[in-house]
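Subject: Handing over a structure, with notes

Dear colleague,

I am passing the structure below on to you, and my notes on what was found in it follow directly after. Please read them with the structure open beside you.

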Amino acid sequence: MSSLINQTKWGDCSRCPATDTNVVKVGKDLLCLQCNKELKFEKQLAKSKERNKFRGLMKSQVQEGNFDAADRQVLMNELDFVFSRILRFRETDKYSNCQCYTCPTRKHWSLMQCGHYVKRGNIEIRWNFKNAKVQCKYCNENLGGNLKVYAERLEKEEPGLPEQLTETGRQVYQWSREELKGLLIDLREKLRIAEQSFKERIIKL
């Protein structure tokens with residue numbers, strides 16, 4: 001706790017009504033020690049829920065003898081993780097913050113999400129960078145992707161893209177394990193490059 005206190009300063013918490021108290025900087029936000037502790041707990045809880053959900057799915061697939069599906073699920077889970085990190089690292093500024101694609105929110109990259117225009121259940125373009133942008137939790141979860149603004153921005157950047165993505169997303173496609181493995185190798189290399197670029201931007205501070 002002493003090491004954390006040494007990193008704090010006095011200010012107002014961005015998350016609760018606490019004022020003139022010890023705060024730590026998380027992205028551009030200032031959090032009191034209690035809110036910082038709660039935020040870390042929430043992130044750990046979310047990760048734990050995701051792991052348990054994934055393990056439960058894997059267990060049921062293995063119990064049913066469906067090892068092919070279990071193997072595919074492992075690959076898809078890893079692809080989601082790598083793809084999301086590439087997306088956020090590419091959009092991170094020198095302060096480690098990302099801008100939400102569909103609202104003014106700007107937060108630390110670890111607090112932002114990978115939001116899909118055509119939902120990721122459409123496997124054909126689940127890992128297509130044209131179909132995914134950095135979003136805040138509110139836009140991605142509470143607003144269901146904030147798709148009206150999402151479509152407007154996509155259309156402005158590339159006319160016809162929203163319709164193109166929607167049409168592609170309707171196609172039924174089943175990735176083979178070999179294709180998934182090949183894509184994972186490619187994305188891991190892209191992640192290495194994105195991480196290096198991110199570190200170079202941060203070092204310049």
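I begin with lysine 130, which forms a salt bridge with glutamate 158, the closest N and O atoms being 3.3 Å apart; a salt bridge here is a side-chain nitrogen of Lys or Arg within 4 Å of a carboxyl oxygen of Asp or Glu. Lysine 130 lies in the loop between strand 6 and strand 7 (132–135), and glutamate 158 in the loop between helix 5 (147–157) and helix 6 (161–169), so the pair ties together parts that are 28 residues apart in sequence. Helices (H or I, at least four residues) and strands (E, at least two) are DSSP runs, numbered from the N terminus. Lysine 130 is partly exposed at a relative accessible area of 40%, and glutamate 158 counts as partly exposed at 28%, where buried means under 20% relative accessible area, exposed over 50%, and partly exposed in between (1.4 Å probe, protein chains only).

Please keep in mind that this is a predicted model, in which local features need pLDDT of at least 70 and side-chain atom pairs count only at pLDDT 80 or more, while totals for chains, interfaces and linings use all residues. Residues are numbered from 1 along each chain as its sequence is written, and side-chain values use heavy atoms, with hydrogens and water left out.

How many salt bridges does the structure hold? There are 10 salt bridges, and one of them joins arginine 188 to glutamate 78, with the closest N and O atoms 3.6 Å apart. This pair links distant parts of the chain, since arginine 188 is in helix 7 (residues 177–203) and glutamate 78 in helix 3, 110 residues apart. Arginine 188 counts as partly exposed at 45% relative accessibility, and glutamate 78 is partly exposed as well, with 27%. In a further salt bridge the side chains of arginine 170 and glutamate 167 meet at 2.9 Å, N to O; here arginine 170 is exposed, with a relative accessible area of 58%, whereas glutamate 167 is partly exposed, with 45%. Asp80, Arg120 and Arg126, finally, are linked in a network of salt bridges.

Turning to the aromatic rings, the count comes to eight aromatic pairs, by the rule that rings of Phe, Tyr and Trp (its six-membered ring) pair if their centres lie within 6.5 Å, with planes under 30 degrees apart counted as stacked, over 60 as edge-to-face and the rest as tilted. Phenylalanine 89 and tryptophan 109 form a tilted pair, at 4.7 Å centre to centre and with 50° between the planes. Phenylalanine 89 lies in helix 3 (residues 67–90) and tryptophan 109 in the loop between strand 5 (106–108) and strand 6 (113–116), so this pair ties together parts that are 20 residues apart in sequence. Phenylalanine 89 counts as buried at 3% relative accessibility, and tryptophan 109 counts as buried at 12%. Together with Phe198, Phe89 and Trp109 form one aromatic cluster.

Three bridges join strand 1 to strand 2 (residues 21–26), and lysine 9 has valine 23 as its bridge partner in strand 2.

With kind regards

Methods: Pairing = 2+ DSSP bridges.
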